[in-house]
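Have the structure open beside you and try each task before reading its solution.

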Amino acid sequence: MRIFSNMVRNAYYQLLQAQKNRWLAQEIVDHYDVISKANSLRMKKGDISESDFLRVKMEAMRAQSDLDNAQASVELAQADLAVILRWPDKSLQFEAKEQWPEARDTSQNLSKEELISKALQQRPDLQGDKLRAEQADRQLELARRLKYPDVTVTAGYARDPSNNALNSGFVGVSVPLPLFYQYQGESIKPQSI
């Protein structure tokens, strides 16, 4: 799904770029049309030579050729997008709209100190350090608690009809004795890393 969505996105932005190039080529052709008309009048009045007029006319023809190439690029980009979407009969109707996502509020109205504070709070390395310090504090608290053994009391009742003693009960007490390892190293660690 990710690969397909990236392919569609790429084809869409290729079409958008081709449309922009076509728009720019059309602007240049329109500009040369105005210049050609003005130069035609100037040549009739004798302001410019015929070679200067022909040079501008050649540039106008080159601009028209660029516009034709840009139009072909747009049609190719439309076809590429249609092939990816499996929608070839509508390919010449595709038009990419320049609609960018809305910008999120970046808190530009905050003061400099508030912006610095917010940036420091969102730094991943500082957040990681904070989590490591909290984890070390929890491990220290656990080590201090493990220094004193937990007493476990168990009790139960069982009924077994296949046995001579039908009803039996039991009570148990369990106390682990830390004879060889008493968590002394962990409990005297410094409070924070």
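The exercises below go from the whole chain to single residues.

This is a predicted model, in which local features need pLDDT of at least 70 and side-chain atom pairs count only at pLDDT 80 or more, while totals for chains, interfaces and linings use all residues. Residues are numbered from 1 along each chain as its sequence is written, and side-chain values use heavy atoms, with hydrogens and water left out.

**Exercise 1. The overall layout**

Task: Find how many helices and strands the chain has, and the order in which they run.

Solution: Start with the definition: helices (H or I, at least four residues) and strands (E, at least two) are DSSP runs, numbered from the N terminus. By that count there are five helices and two strands. Next, read from the N terminus, where the order is α-α-α-α-β-β-α. Finally, look at burial, where buried means under 20% relative accessible area, exposed over 50%, and partly exposed in between (1.4 Å probe, protein chains only). Buried residues account for 17% of the 193 residues in the chain.

**Exercise 2. A helix from end to end**

Task: Compare the reach of α1 with its expected span, and list its buried residues.

Solution: First, the expected span of a helix is 1.5 Å times one less than its number of residues. With 44 residues, α1 has an expected span of 64 Å, and its reach from first C-alpha to last is 65 Å, close to that value. Second, the buried residues of α1 are Ala-11, Leu-15, Leu-16, Ala-18, Gln-19, Ala-25, Val-29, Ser-36 and Asn-39. Third, ask what covers them: α2 is included in that cover. Last, step past the end of α1 to Gly-46, which has a positive phi near 90 degrees.

**Exercise 3. The nonpolar cores**

Task: Find which residues form the largest nonpolar core, and which helix gives the most to this core.

Solution: A nonpolar core is a set of buried Ala, Val, Leu, Ile, Met, Phe, Trp, Tyr and Cys residues joined through side-chain atoms within 4.5 Å. The largest one has 11 residues: Ala-11, Leu-15, Leu-16, Ala-18, Val-74, Ala-77, Leu-81, Ala-82, Ile-84, Phe-94 and Ala-96. Both α1 (2–45) and α2 supply at least two residues each to this core, and α2 gives the most, with five. Apart from this core lies another, of five residues, including Val-29, Ala-63, Leu-67 and Ala-70. Now zoom in on Ile-84: leaving out residues up to four places away in sequence, Ile-84 touches Phe-4, Met-7, Val-8 and Ala-11, where contact means heavy atoms within 4.5 Å.

**Exercise 4. The two strands**

Task: Work out how β1 and β2 pair, and why β1 lies largely in the open.

Solution: Two strands pair if DSSP finds at least two bridges between them. Here β1 and β2 (residues 167–174) pair in the antiparallel sense over eight bridges. As one example, Gly-156 has Phe-170 in β2 as its bridge partner. Then count burial: β1 (residues 152–159) has eight residues and zero of them are buried, so β1 lies largely in the open.

**Exercise 5. An aromatic pair**

Task: Search the whole structure for aromatic pairs and describe the geometry of what you find.

Solution: Rings of Phe, Tyr and Trp (its six-membered ring) pair if their centres lie within 6.5 Å; planes under 30 degrees apart count as stacked, over 60 as edge-to-face and the rest as tilted. The search gives one aromatic pair. Tyr-12 and Tyr-13 form this pair, 5.4 Å centre to centre with 80 degrees between the planes, which is edge-to-face. Tyr-12 is partly exposed at 27% relative accessible area, and Tyr-13 is also partly exposed, at 35%.
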